[in-house]
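Hi there,

I'm passing a structure over to you, with some notes on what turned up in it. Please have a look when you get a moment.

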Amino acid sequence: KQEVTQIPAALSVPEGENLVLNCSFTDSAIYNLQWFRQDPGKGLTSLLLIQSSQREQTSGRLNASLDKSSGRSTLYIAASQPGDSATYLCAALYNQGGKLIFGQGTELSVKP
Amino acid sequence: GAVVSQHPSRVICKSGTSVKIECRSLDFQATTMFWYRQFPKQSLMLMATSNEGSKATYEQGVEKDKFLINHASLTLSTLTVTSAHPEDSSFYICSARAPGAGGYTFGSGTRLTVV
């Protein structure tokens, strides 16, 4: 069964700290992996997309890595800010045009 | 970039009535759209896959007669919650994938409250 797991479920850090969010998937034959941000009561905003052939993607203070052999992806946030507070979701895609398999999310709180 | 518009953002309805939620791809054509439901503090649960010009594919446990999906054009899919009850109150989100984009784009979600 294809499952995606995110640990921890919640994380609180002081402003300015660098942090890593973890995502693991049971089936390494993924097509791509996508990281999303969700603010309370809002839809999902795509942050980074990593294709199966890629090892990492970067956008500003965000860096996402992908290690298919170990079934893991990480989202690194540098110099965290209170505005980064949100729930972060990772999702694995196994077939082009298929359905996303979501993790449970990590609720991040960055304290001023 | 690819934009998916979802409407309405919030709706309150009386128990027993039906509610329609629209999901539009604004700058691309989407042969497939996805409908999710999200409970508080939980991740997204896929309800159904909407296919343009054909019947939707429902996930196990989702009542197709309860959640009617219509995908009549390449830019519009609708989800109708029929004879809504308080337990149908939830956050509903749609998504689509623009051709060549690789990733999925999500609508802003609809908060449904049935009273």
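Asp84(A) counts as buried because its relative accessibility is 7% (buried means under 20% relative accessible area, with a 1.4 Å probe and protein chains only). Please bear in mind that this is a predicted model, in which local features need pLDDT of at least 70 and side-chain atom pairs count only at pLDDT 80 or more, while totals for chains, interfaces and linings use all residues. Residues are numbered from 1 along each chain as its sequence is written, chains are lettered from A and ligands numbered from 1 in the order in which they are written, and side-chain values use heavy atoms, with hydrogens and water left out.

Leaving aside neighbours within four places in sequence, Asp84(A) is in contact (heavy atoms within 4.5 Å) with Arg37(A), Arg61(A), Ile77(A), Leu108(A) and Val110(A).

Now for the interface. Chain A brings 23 residues to the contact and chain B brings 18 residues. The area buried between chain A and chain B is about 1500 Å², 52% of it from carbon and sulfur atoms; buried area here is the accessible area (1.4 Å probe) that two parts lose on being put together, summed over both. Leu44(A), Lys99(A) and Phe102(A) supply 28% of what chain A buries against chain B, more than any other three residues.

Two salt bridges are counted between chain A and chain B (a side-chain nitrogen of Lys or Arg within 4 Å of a carboxyl oxygen of Asp or Glu). Lys99(A) forms a salt bridge with Glu59(B), with the closest N and O atoms 2.9 Å apart.

Best wishes

Notes:
Buried < 20%, exposed > 50% of the residue type's maximum accessible area, 1.4 Å probe, protein only.
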